[in-house]
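Subject: Structure handover

Hello,

Here is the structure I promised to pass on. My notes follow it.

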Amino acid sequence: MADIKKFAEELVNLSVKEVQELAKVLKEEYGIEPAAAAVAVAGPVAAAAVEVEQTQFDVILISAGQAKLQIVKVVKEITGLGLKEAKDLVDTAPKAVVKEKVSKAEAEQVKSQIEEAGGEVEIK
């Protein structure tokens, strides 16, 4: 098993020139097409390059708009803060983080609640 791991590491660490040489050898000596060889060699590298989908989001209050009192009430309800703390949070807009590290669904729900009350929200 250790030999397979070592072989896999060597394949992953090949330069582009070495991959081309390997493809040539595989085609000429073993009848394996270069495209298949490139996929086999680049597979682990390509898998590592795939971007990880974001799973946690922050809900940021950009503006309370004209309905500041309504926004304070909604923020109080969403966060569980006291009235003064919720007002202080709303006053820090546009940098007010209403919720941190929540799921996309929860972030969208919070966003819709604040927007219904007249506020402007961004999800990051």
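One cut-off before the findings: a residue counts as buried under 20% relative accessible area, as exposed over 50%, and as partly exposed in between. Ile32 has 36% relative accessibility, so Ile32 counts as partly exposed. Please keep in mind that this is a predicted model.

**Ile32 and its patch**

Ile32 sits in the loop between helix H2 (16-30) and helix H3 (34-49). Together with Val25 and Tyr30, Ile32 makes up a nonpolar patch on the surface. The accessible area of the three comes to about 290 Å².

**Overall layout**

The protein chain has 6 helices and 3 strands. Along the sequence the order is α-α-α-β-α-α-β-α-β. The chain has 124 residues, and 21% of them count as buried. Its accessible surface is about 8,900 Å². Carbon and sulfur atoms hold 56% of that surface. Take the contacts in the chain with a separation of 6 or more: 63% of them join residues 24 or more positions apart.

**Strands**

Strand E1 pairs with two partners. E1 and E2 are antiparallel, with 4 bridges. In this pairing Leu61 is opposite Ala96 of E2. E1 also runs antiparallel to strand E3 (residues 120-123), again through 4 bridges. There, Val59 faces Ile123 of E3.

**Nonpolar core**

In soluble globular proteins, nonpolar side chains tend to be buried together. The largest nonpolar core here has 20 residues. Which of them touch the most other members? They are Val59, Leu61, Ile71, Val75, Val90, Val98 and Ile114. Five elements are listed as giving two or more residues each: strand E1 (57-63), helix H4 (68-79), helix H5 (83-91), strand E2 (96-102) and helix H6 (104-116). H4 gives the most, with 5 residues.

Val90 then contacts Leu61, Ala64, Lys68, Ile71, Val72 and Val75. Among these, Leu61, Ile71 and Val75 are also on the list of core residues that touch the most other members.

**Salt bridges**

Side chains of opposite charge can pair when their charged atoms come close. The structure holds 6 salt bridges. Three of them are set out here.

- Asp91 with Lys68: the closest N and O atoms are 2.5 Å apart. Asp91 is in helix H5 and Lys68 in helix H4, so the pair ties together parts that are 23 residues apart in sequence. Asp91 is partly exposed, with a relative accessible area of 36%. Lys68 is partly exposed too, with a relative accessible area of 36%.
- Lys99 with Glu106: the closest N and O atoms are 3.4 Å apart. Glu106 has a relative accessible area of 30%, so Glu106 is partly exposed.
- Lys104 with Glu108: the closest N and O atoms are 3.7 Å apart. The two are 4 residues apart in helix H6, so about one helical turn separates them. Lys104 is partly exposed at 45% relative accessible area. Glu108 is partly exposed at 36%.

Salt bridges link Lys68, Lys87 and Asp91.

Is Glu100 buried or exposed? Its relative accessibility is 57%, so Glu100 counts as exposed. Glu100 lies in strand E2. With neighbours within four places in sequence left aside, Glu100 contacts Phe57 and Asp58. Between Glu100 and Gln56 there are 7.9 Å in space, C-alpha to C-alpha, against 44 residues in sequence.

Lys101 is also in strand E2. Lys101 has a positive phi of about 50 degrees, although it is not a glycine. At 61% relative accessibility, Lys101 counts as exposed.

Best regards

Note on methods:
Residues numbered from 1 in each chain as written. Predicted model: local features only at pLDDT ≥ 70, side-chain atom pairs only at ≥ 80, totals over all residues. Heavy atoms only, no water. Patch = residues over 30% accessible without salt bridge, like charges linked within 9 Å, V, L, I, M, F, W, Y side chains within 5 Å. Areas by Shrake-Rupley, 256 points an atom, 1.4 Å probe, with all protein chains shown as cover. Salt bridge = Lys/Arg side-chain N within 4 Å of Asp/Glu carboxyl O. Buried < 20%, exposed > 50% of the residue type's maximum accessible area, 1.4 Å probe, protein only. Core = buried A, V, L, I, M, F, W, Y, C linked by side-chain atoms within 4.5 Å. Contact = heavy atoms within 4.5 Å. Pairing = 2+ DSSP bridges.
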